[in-house]
Amino acid sequence: MAKNVLFALLCGLTLSLTGCVTTTSQIATTESYTVDSETYQSTGKSQRIKFIVLHYTVSDNERSIQLLTQGQVSAHYLIMDSDDDNIYSLVPESERAWHAGDGGFSGRTILNDTSIGIEIVNKGIQPQYLNALKDSELEYHPYSHFVEFDDLQIKKVAQLVQDIAGRYKISPKNIIGHADLAPSRKIDPGAKFPWQRLHEEYGVGAWYDEADKRYFANEVILSTPTIREVKQAFRDYGYQINDTGVWDKASRDVIYAFQLHFRPLNPTGIMDVETYAILKALNKKYASRDDFY
């Protein structure tokens, strides 16, 4: 009772200032203003889409469709292994697909925000080799363990990537595989994805010049770089790699991902003269071509 009397007294004292009732504020009605997008335009801008990321689905057509349309994984496009002319758009390019996950490339992380994801139906590793890394002393899958892609799939990839890269002005070196951005988690699209063919026949993606590779191979023999110098060359190209002075497992994963992309016939995870020469040749050709802000 005393509390009620006290509340009434306080309410009476403050009524002129605040009132003792709860009111709902009104939302003001806005005027009809015009958004002018013609008079002034900024020059300091660039496309939001900076990467194209290629994946394989590790499944067949039916299961791939189910996973990419009903689960928590998605991609902008799906290329099946059926004999038809279709490329399936699953997520509009203006929206964010969930395909990249943790990782990074060219100084960017959270690549889902700045990339177009393309999934290609392919089993990845041949069934007889699925447990090869557990059942043997192998640390990484060699070229022979991977599944071939259909020729029609590659032609569809070429057309699609040509179109997307042209519209968004994507640097060739930022057309990458899932393994390139997440080397300790992923190995797709694998050793049998024909990066060199796409570059030479369709102008898609990055590839090194053979003459530069030979030049740098001779240079390396004359002056052996330190581990930290090699790792810096990986970072110069875009790979995320630590700066320790040893080839630990995380570092070997980066080497393997790089070899899957640029030396697919012999991916070992071991740093050698040829791998470093290819890396140097790529840096000569592409490392200064970033357009990031």
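A residue counts as buried when its relative accessible area is under 20%. By that rule, buried residues make up 43% of the 293 residues in this protein chain. Keep in mind that the model is predicted.

Start with the overall fold. The chain has 10 helices and 7 strands. Take the contacts between residues at least 6 apart in sequence. Of these, 66% join residues at least 24 apart. The chain exposes about 17,000 Å². Carbon and sulfur atoms supply 53% of that area.

Next, go inside. In soluble globular proteins, nonpolar side chains tend to be buried together. The largest nonpolar core here holds 62 residues. Ile118, Ile164, Phe193, Phe234 and Tyr237 have the most contacts within it. Helix α4, residues 151-168, gives this core its largest share, 8 residues.

Look at Ile164 in detail. Leave out residues up to four places away in sequence. Ile164 then touches Ile52, Tyr77, Glu93, Ile116, Ile118 and Ile170.

Finally, find Lys231 in helix α8, which spans residues 227-237. Is Lys231 buried or exposed? Lys231 is buried, yet it has no salt bridge. Lys231 does have a polar partner. Its side chain makes a polar contact with the side chain of Thr244, at 2.8 Å. Beyond its neighbours within four places in sequence, Lys231 is in contact with several residues, among them Ile241, Asn242, Val246, Trp247 and Ser251.

Notes:
Residues numbered from 1 in each chain as written. Predicted model: local features only at pLDDT ≥ 70, side-chain atom pairs only at ≥ 80, totals over all residues. Heavy atoms only, no water. Core = buried A, V, L, I, M, F, W, Y, C linked by side-chain atoms within 4.5 Å. Buried < 20%, exposed > 50% of the residue type's maximum accessible area, 1.4 Å probe, protein only. Helix = DSSP H or I, 4+ residues; strand = E, 2+ residues; numbered from the N terminus. Contact = heavy atoms within 4.5 Å. Lys, Arg positive; Asp, Glu negative; His and termini not counted. Salt bridge = Lys/Arg side-chain N within 4 Å of Asp/Glu carboxyl O. Polar contact = N/O pair within 3.5 Å; in protein donor to acceptor, adjacent residues only side chain to side chain. Areas by Shrake-Rupley, 256 points an atom, 1.4 Å probe, with all protein chains shown as cover.
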